[in-house]
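Try each task before you read its solution.

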Amino acid sequence: MSWKSTPASADRLRAKLDDEFETVAKPQGLRRTSDARREKEAAAAEDASASAPDVWQRSSETRNAATRGSARGRGTARNDARAGVEAGSETGSDPIDGKPERKGPSLKMRAVGYLSRREHAREELARKLAAYADDADEVEAVLDALEKEGWLSTERFAQSLVHRRASRQGTARIVQELRQHGVDDNQVAELRDQLRATEYDRALEVWKKRFDAKPADRAAYAKQARFLASRGFAHDVIRRILGDSDED
C-alpha cells in the first residue's frame, strides 16, 4: 500500500475530520448559547435590583410621612387637651383670693343631707359642718337660713331624742345627752319632768326584758340594781322594782 494518499482517501479523511469537528464544536456552541442566556438574565436581575431601592425608598418615605403625620396628629390632640385644661383653670378652677375652690356639695346641701337622715340640734350640726367651712360665720349663716326655712329645729331634735331613748333609758341619762347637744335649759327641764312622770313604768319594762324574777340574794340584787342604774333610772325607782335589800 502506498504511503501517499489517494484522492478518495483524502476525501474520506476530510469527511472524518469534519465529523469530529462538528462533534466537538456543537457542545461549545450550546455552551456559548447558555452563557449568553445567563448573561442576559444577570443583566435583567441587575436592572431589577437597581430599580428596587428606588421603589423601596419611595415606600419607606411614604410610611415615614404617614408616621410623622400621625405623630403630629397625636401631638396636636395632646396640645388641644392641655389647652382645654388650661382654659378650664382660667374659667373657674383657679384659686380665688388665694383660697382653693371647694369641691363637692355646698355647705347648705351637706346640712340638708344630715337633716334628711335624722333631726339634729343646732350645736351638733354646727360641729359637723365646721370641717367643710372656711370660717364660723359661714356656718352660722347657713344654720340661720335652715332654721328660717324649717329644716333645722333644736326643739324638734330634743323631742325626737326623747322618743328614741325613753323606752330603753332613764331620765338622768337622757337629760345628760340633751345637754351635750346644746338643748336649751328650759326645754331640758320641761322634758325632764315628763320623763320622771313615766320613769317607773319604763324602768319596769326594761327590767322585765332582762330578768325573769326579782333577786334571790344580795349578789343578784346588786347585779340587777347596777343594770338599771347604768341605764339612767333613779335609785328610788330601782328600789320600788327590786324591793329593799337585806342591808336595808
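**Exercise 1.** Work out in which hand α2 passes α4, and describe how the two helices pack.

*Solution.* 
Step 1. Now the geometry: α2 covers residues 107-117 and α4 residues 136-149, and they pack at an angle of about 50° with axes 10 Å apart.
Step 2. The two helices are therefore oblique to each other; oblique takes what is left once angles under 35 degrees (roughly parallel), over 145 (roughly antiparallel) and 65 to 115 (roughly perpendicular) are set aside.
Step 3. In contact (heavy atoms within 4.5 Å) are Leu107, Lys108, Ala111, Val112 and Leu115 from α2 with Glu138, Val139, Val142, Leu146 and Glu149 from α4.
Step 4. Sorted by type, these residues are seven nonpolar, no polar and three charged.

A note on the source: this is a predicted model, where local features need pLDDT of at least 70 and side-chain atom pairs pLDDT 80 or more, while totals for chains, interfaces and linings use all residues. Residues are numbered from 1 along each chain, and side-chain values use heavy atoms, without hydrogens and water.

**Exercise 2.** Is His120 buried or exposed, and which residues does His120 touch?

*Solution.* 
Step 1. Find His120 in the loop between α2 and α3 (122-129).
Step 2. His120 is buried (under 20% relative accessible area) because its relative accessible area is 2%.
Step 3. Leaving out residues up to four places away in sequence, His120 touches Tyr114, Leu115, Leu125, Lys128, Leu152, Ser153 and Phe157.
Step 4. With Lys128, the His120 side chain makes a side-chain polar contact at 2.9 Å (N or O atoms within 3.5 Å, one able to donate a hydrogen and the other to accept it).
Step 5. A polar atom of the His120 side chain also lies 3.0 Å from the backbone oxygen of Arg118.

Conventions: Axes fitted to C-alpha atoms, helices over the stretch in contact; angles between N-to-C directions. Helix = DSSP H or I, 4+ residues; strand = E, 2+ residues; numbered from the N terminus. Left-handed = near helix turned anticlockwise from the far one by under 90°. Nonpolar A, V, L, I, M, F, W, Y, C, P; charged D, E, K, R; others polar. Buried < 20%, exposed > 50% of the residue type's maximum accessible area, 1.4 Å probe, protein only.
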